[in-house]
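Reader: Hi! Could you walk me through this one while I look at it?
Author: Happy to, just ask as you go.

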Amino acid sequence: MTRYGCRICDFSTKSPAGMSSHGRKHRNEFEEIVGRRPEDYDEVVALLRDGETPEDYNGETGSPTTLEEYADG
């Protein structure tokens with residue numbers, strides 16, 4: 001039987017449905033931190049596993065950078 005493992009934490013399961021709902025937990029974490037939904041799961045992994053913040057995230061305010069701020073940067 002196939003075992004599915006999380007790319008972010010030590011969670012693993014034999015259930016594809018279990019892996020899907022576990023991944024949703026990390027997507028929700030991403031949205032809570034960044035203030036928007038992730039473009040894809042690789043963006044979630046980059047933030048939560050690798051510590052790479054998206055370009056539109058402002059770490060000082062803890063929210064997405066506005067278009068004006070992004071254009072001025």
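Author: What follows is a chat about the fold, the cysteines, the core and some charged pairs.

Reader: Before we start, what kind of model is this, and what should I know about the values?
Author: This is a predicted model, in which local features need pLDDT of at least 70 and side-chain atom pairs count only at pLDDT 80 or more, while totals for chains, interfaces and linings use all residues. Residues are numbered from 1 along each chain as its sequence is written, and side-chain values use heavy atoms, with hydrogens and water left out.

Reader: Great. How many helices and strands does the chain have?
Author: There are three helices and four strands. Helices (H or I, at least four residues) and strands (E, at least two) are DSSP runs, numbered from the N terminus. Reading from the N terminus, the order is β-β-α-α-β-β-α.

Reader: And how much of the chain is buried?
Author: Of the 73 residues in the chain, 29% are buried. Buried means under 20% relative accessible area, exposed means over 50%, and partly exposed is in between (1.4 Å probe, protein chains only). The accessible surface of the chain is about 5,200 Å², and carbon and sulfur atoms hold 46% of that. Those areas come from the Shrake-Rupley method with a 1.4 Å probe, and for residues only the protein chains shown count as cover.

Reader: I see cysteines. How many disulfides turn up?
Author: A search of the whole structure gives zero disulfides, a disulfide being a pair of cysteine sulfur atoms within 2.5 Å. For Cys6, the nearest cysteine sulfur is that of Cys9, 3.8 Å away. Cys9 is likewise in no disulfide, its nearest cysteine sulfur being that of Cys6.

Reader: Are those two cysteines buried or exposed?
Author: Cys6 is buried at 12% relative accessibility, whereas Cys9 is partly exposed at 28%.

Reader: What's around them? I'm looking at His22.
Author: His22 sits in helix H1 and is buried, with 10% relative accessibility. Setting aside residues within four places in sequence, His22 is in contact with Cys6, Cys9 and Phe11. Contact here means heavy atoms within 4.5 Å.

Reader: Which side chain does His22 make a polar contact with?
Author: The side chain of His26, at 3.1 Å. A polar contact is a pair of N or O atoms within 3.5 Å; within protein, one must be able to donate a hydrogen and the other to accept it, and residues adjacent in sequence count only if both atoms are side-chain atoms.

Reader: Tell me about His26, then.
Author: His26 is in helix H1 too, and its relative accessibility of 4% makes it buried. Its side chain also makes a polar contact of 2.7 Å with the side chain of Glu29. Beyond residues up to four places away in sequence, His26 touches Cys6, Ile8, Cys9, Tyr41, Val44 and Leu48.

Reader: Switching topic: which residues make up the largest nonpolar core?
Author: Nine residues: Cys6, Ile8, Met19, Phe30, Val34, Val44, Val45, Leu47 and Tyr57. A nonpolar core is a set of buried Ala, Val, Leu, Ile, Met, Phe, Trp, Tyr and Cys residues joined through side-chain atoms within 4.5 Å. Helix H1 (16-34) and helix H2 (41-48) are the elements that give two or more residues to this core.

Reader: Where is Val44, and what is it in contact with?
Author: Val44 is in helix H2 and is buried, with a relative accessible area of 0%. Apart from neighbours within four places in sequence, it is in contact with Ile8, His26, Arg27, Phe30, Pro38 and Arg49.

Reader: Nice. Last topic: how many salt bridges are there?
Author: The count is four, a salt bridge being a side-chain nitrogen of Lys or Arg within 4 Å of a carboxyl oxygen of Asp or Glu. One of them joins Arg7 and Asp42, at 2.6 Å from N to O.

Reader: Why is that pair worth a look?
Author: Arg7 lies in the loop between strand S1 (4-5) and strand S2 (12-13) and Asp42 is in helix H2, so the pair ties together parts 35 residues apart in sequence. Arg7 is partly exposed at 41%, and Asp42 is partly exposed at 49%.
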